[in-house]
Amino acid sequence: MATVLISGSSVAGSALAYWLREQGFTPVVLEHAPAPRRGGQAVDVRGAALSVLRRMELEAAAHGLENHTDGMSMLDAEGNEVFRSEEVALSSGNLDSGDIEILREDLVDLIQERNQGIEHCFGDSITAIAQEDGGVTVEFEHAAPRRFDLVIGADGLHSNTRRLAFGPESRFIRHLGTYLSVFSEENYLGLDRWQTWFNSGAVGGTVMTVRDNAELRIFLGFASDPIEYDYRDVQAQKQLIADNVTGLGWEVPGFIERMWKSEDFYFDAMAQIKMDSWSSGRVSLVGDAAHCAAPLSGQGTSLAMVGAYVLAAELGRTDDHEVAFARYERRMRPFVEANQALALMDREKTPPEEMVARTDAVKNAIDLDAVVD
Ligand SMILES: Cc1cc2nc3c(=O)[nH]c(=O)nc-3n(C[C@H](O)[C@H](O)[C@H](O)COP(=O)(O)OP(=O)(O)OC[C@H]3O[C@@H](n4cnc5c(N)ncnc54)[C@H](O)[C@@H]3O)c2cc1C
């Protein structure tokens, strides 16, 4: 049985491990964090990704953990409501669509429950990848070197695998001019299944209810040219938010005060990954590592789930990994490009209903059973 090292155990890595085992491979999952990572927002499983979840027989369980939202409002800088809807919510889409909005950590937990028996190595990272005839020798920060048939990077926007096998991130990252943070808080505002969006020019954010109204997820962001910052220095990232998210009324100053105490603060650039090829010899990429669409697209999780399914299916169809990788790319690229375009919509000029309609128009734009040569 061919062995596949998967770097990253979030949505793409977990889904890929599941589907590779289904196809008869032996996946080994490596995760840099010491344990499965918590935090982040409610993510959306839509269209073709919902079909992938159904094929994993996880759709009912995911519906059971679904985040229910009844609508959204938009506020101006002073906190006056300028838009309200009970039909769409920007981060959830059409509220009667059947799509699933679920906390990222809950989705990953569901998939990982299915992955029992698959070898997982936490708290380690790849330091070198040497491709030779018939295999790949991988060196790690902590563990002894090991040999695999294939290596797949599912390690996100700042993929370590991509850096080692394809080159520095700067060659592939396209900044969209915004930085975004998210953290959890108890629902001290008493919001009821609601999303409230606020912005003024270059700063803005959202607060939304999760976990049956018990908790809030608070997003704060600001427009900026690329900033050099330490990905691991959370205090410095909080300072960036405090320094830049200014001039907003309503509850926003209170959000910033609470941010300092949050323990699951997540901060990153709104950025996309654009690569001419997602594969190099026996190494390939999946999910954000290959083609991050940016949180603004609302489709990163769906792309990761569909990409994992298609990649495993293509590897299962042939013994020639190069043929499989080429077919995977041919099938995924149009879907990726249509979804990456969603993040480029002008949010100031596009009404929320139109943004949701554009997502609906592309969420199924791939045939999961297509056979390409
Ligand atoms: C903690 C967290 C919070 C998030 N919050 C949001 C959010 O609020 N909004 C949003 O739109 N998207 C968020 N995302 C990103 C979102 O999960 C992805 O866009 C999408 O689900 C695609 O998933 P992915 O598995 O490709 O990438 P990711 O979910 O980014 O997963 C990458 C995984 O690789 C791991 N990893 C990183 N470096 C290494 C390494 N060197 N070796 C091994 N493993 C490594 C990471 O710890 C992570 O588990 C978040 C991701 C994480 C990890």
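Which residue in β20 is the bridge partner of serine 279?

Reply: Happy to. Keep in mind that this is a predicted model. The bridge partner of serine 279 in β20 is serine 284. The strands involved, β19 and β20 (residues 283-285), pair in the antiparallel sense over 2 bridges.

Stepping back, β19 and β20 belong to an open sheet of 6 strands with mixed pairing, in the order β9-β2-β1-β13-β20-β19. Its edge strands, which pair on one side only, are β9 (119-122) and β19 (279-280). Helix α1 packs on this sheet, touching β1 (3-7), β2 and β13 (150-153). The direction of α1 makes about 170° with that of β1.

Helix α1 (11-22) and strand β2 (26-31), together with α9 (300-317), are the elements that give two or more residues to the shell around the ligand. The largest share, 3 residues, comes from α9. There are 28 residues around the ligand, and Ser10, Ala12, Glu31, Asp288 and Thr301 come nearest.

Alanine 12 places a backbone N or O atom 2.9 Å from an oxygen atom of the ligand. For glutamate 31, a polar side-chain atom lies 2.5 Å from a ligand oxygen atom. Threonine 301 also uses its side chain, with an N or O atom 2.9 Å from an oxygen atom of the ligand. On its own the ligand has 910 Å² of accessible area, and the protein covers 91% of that.

For context, there is another sheet to look at. This open sheet has 7 strands, in the order β5-β4-β15-β16-β17-β14-β18, again with mixed pairing. At its edges are β5 (81-85) and β18 (266-273), each pairing on one side only. Neighbouring strands here are turned by 20° against each other on average, direction ignored. Inside the sheet, β4 (residues 71-75) and β15 (residues 194-200) pair in the parallel sense over 5 bridges, and serine 73 has threonine 196 of β15 as its bridge partner. Helix α6 (residues 234-244) packs on this sheet, touching β14 (173-186), β16 (203-210), β17 (215-223) and β18. The direction of α6 makes about 70° with that of β17.

Conventions. Residues numbered from 1 in each chain as written. Predicted model: local features only at pLDDT ≥ 70, side-chain atom pairs only at ≥ 80, totals over all residues. Heavy atoms only, no water. Pairing = 2+ DSSP bridges. Helix = DSSP H or I, 4+ residues; strand = E, 2+ residues; numbered from the N terminus. Axes fitted to C-alpha atoms, helices over the stretch in contact; angles between N-to-C directions. Contact = heavy atoms within 4.5 Å. Near = heavy atom within 4 Å. Polar contact = N/O pair within 3.5 Å; in protein donor to acceptor, adjacent residues only side chain to side chain. Areas by Shrake-Rupley, 256 points an atom, 1.4 Å probe, with all protein chains shown as cover.
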